[in-house]
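Subject: The model, and some notes to go with it

Hi,

I am handing over the structure we talked about, and I hope you will enjoy looking through it. Please open it first and keep it beside you while you read the notes.

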Amino acid sequence: MALIINGEEIDDEVIEGEFRNVKGHYERTLQVACCERDQEFRGYAKDNLVSRVLLNQESLKRFPTVSEEDVTNRLQKLIEEAGGETQFYMNIGMPYKDEAVVRENVKGGVRLDKMLGDIYGADPDFSEEELRAAYERDLALYMTEEIIRVAHITKNLQGAQSRTEVFKTMRELRSQLLAGADFMTLAEEHRADEQQQIDLGWFKRGEFMEEFEVIAFSMNDGEVSPVFTTQLGFHLCTVLGRKVPEAIPFAAVKEAVRQRLLEAHKDTKFNELIAQLKKEAKIEDTDPDESGETAHH
C-alpha cells in the first residue's frame with residue numbers, strides 16, 4: 001500500500017487514477033509530452049488525495065451525522081445540474097441506479113459543505129476603498145480584450161491541379177500586394193463566389209480557427225501575411241484595424257472585484273485548514289519518489 005493517512009489506506013488503483021487525471025490535465029493544456037514529468041505528476045496526485053482524505057476525515061469528525069433531508073436536497077440539486085437522473089448516473093460512471101451508494105457519497109459532500117461553511121464564516125463586507133484598491137492593484141484582470149478587423153484572400157483546391165499550383169498562385173498574389181497592389185481590389189478579383197467573405201469584421205481571440213488567429217494577431221496593421229494554410233485552404237490576410245485592450249470602468253466590474261476578493265478570502269481559509277490538517281496528520285508514503293524520501297508526519 002503506497003499511501004496511509006491517519007491509518008486510512010489509499011489503494012494503488014486510486015492513486016493511479018488520480019495520477020492519470022493530473023497528467024491528462026497538463027496534456028490538455030499542452031504543458032507536457034510523454035513521460036518526462038510523471039514523477040512530478042504522481043507527487044501532485046498524492047498531495048491531492050492527502051488533502052481530500054484529510055478533509056473527509058475532518059468533516060466526518062465535526063459532523064458525524066447529517067440529516068436525510070440535507071442529503072436528498074443535495075442529490076436533487078446534483079441531478080438537476082446534470083440534466084436529469086439518467087445523465088447524472090452516466091456522469092458519475094454508474095451503469096445502473098444505486099441510490100443507497102450514491103446517497104452515502106452525497107453525505108460526504110453535505111458534511112464538507114457544512115465544515116467549509118464554518119471555516120469560511122460570514123462573507124466579509126468589503127468597503128468601497130478596499131474594492132477600488134483591489135481593482136487598481138489587479139487592473140490587468142479588468143481589461144477589454146484586444147480585437148482586430150481582418151480581410152483575407154483564400155483559395156481551396158477546388159478546380160486546381162495540385163496544392164503546388166494553388167500555393168504558387170497565392171505566392172504571386174502576395175508579391176503583387178508587397179509591390180503595392182490594393183488588398184481589397186485583389187481580393188475581389190480572386191473571390192471564389194459572391195458568398196465568400198473578404199472582410200471578416202472585428203473578432204477577438206477564440207472566435208476563429210487557432211491557426212488563422214495565430215497569424216492575424218501576430219501582425220501589425222496593414223501588414224500582408226505570408227501564405228498559410230488551414231483546413232479551409234490557403235490564405236493571405238491583412239489587419240484592417242485594431243482595438244487595443246482598455247481598462248473597464250470600476251463601476252462596471254465592481255461586483256466581479258468583490259467576487260474575486262471573496263474567492264481569495266475563501267482560498268486563504270481553505271489553505272490554512274489544509275496546512276493545519278497536514279501538520280497534525282500521520283501520513284505514510286511507503287512508495288516514495290525516486291529521491292528516496294518517505295513522508296512521515
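A word on the basis before the findings. This is a predicted model, in which local features need pLDDT of at least 70 and side-chain atom pairs count only at pLDDT 80 or more, while totals for chains, interfaces and linings use all residues. Residues are numbered from 1 along each chain as its sequence is written, and side-chain values use heavy atoms, with hydrogens and water left out.

**Salt bridges**

The structure holds 24 salt bridges, a salt bridge being a side-chain nitrogen of Lys or Arg within 4 Å of a carboxyl oxygen of Asp or Glu. One of them joins Lys 107 to Glu 68, with 3.6 Å between the closest N and O atoms. Lys 107 belongs to helix α5 (residues 99-120) and Glu 68 to helix α3 (residues 68-82), so this pair ties together parts that are 39 residues apart in sequence. Helices here are DSSP runs of H or I with at least four residues, strands are runs of E with at least two, and both are numbered from the N terminus.

The areas themselves come from the Shrake-Rupley method, and for residues only the protein chains shown count as cover. Both residues also belong to a network of salt bridges that links Glu 68, Glu 99, Arg 103, Glu 104 and Lys 107.

Another salt bridge brings together the side chains of Asp 199 and Arg 149, at 2.4 Å from N to O. Here distant parts of the chain are linked: Asp 199 is in strand β4 and Arg 149 in strand β3 (residues 147-155), 50 residues apart. Asp 199 is partly exposed, with a relative accessible area of 25%, and Arg 149 is partly exposed at 31%.

Arg 242 and Asp 221 also meet through their side chains in a salt bridge, at 3.0 Å from N to O. Arg 242 lies in strand β6 (residues 233-243) and Asp 221 in the loop between α9 and β5 (228-230), so the pair ties together parts that are 21 residues apart in sequence. Arg 242 is partly exposed at 23%, and Asp 221 is partly exposed at 46%.

**A negative patch**

Glu 9, Asp 11, Asp 12, Glu 13 and Asp 287 form a negative surface patch. Patches are made of residues with over 30% relative accessible area and no salt bridge, with like charges joined within 9 Å. Asp 287 lies in the segment after β7 (283-285) and is partly exposed, with a relative accessible area of 45%.

**Single residues to look at**

Phe 212, in helix α9 (residues 210-216), is buried, with a relative accessible area of 1%. Leaving aside neighbours within four places in sequence, its contacts (heavy atoms within 4.5 Å) include Val 150, His 152, Leu 200 and Phe 228.

Gln 196 sits in the loop between α8 (183-189) and β4 (199-204) and counts as buried at 19% relative accessibility.

Asp 38 is in helix α2 (residues 38-62) and is buried, with a relative accessible area of 19%. Not counting residues up to four places away in sequence, Asp 38 touches Phe 19 and Lys 23.

Finally, have a look at Asn 6, in the loop between β1 (3-5) and β2 (8-10). Its phi is near 50°, a positive value in a residue other than glycine. Most residues other than glycine have a negative phi. Asn 6 is partly exposed, with a relative accessible area of 40%.

Technical notes. Patches are made of residues with over 30% relative accessible area and no salt bridge: like charges are joined within 9 Å, nonpolar side chains (Val, Leu, Ile, Met, Phe, Trp, Tyr) within 5 Å. Accessible areas come from the Shrake-Rupley method with a 1.4 Å probe; for residues, only the protein chains shown count as cover. Lys and Arg count as positive and Asp and Glu as negative; His and the chain ends are not counted. The place of a charge is taken as NZ of Lys, CZ of Arg, CG of Asp or CD of Glu. Buried means under 20% relative accessible area, exposed over 50%, partly exposed in between (1.4 Å probe, protein chains only).
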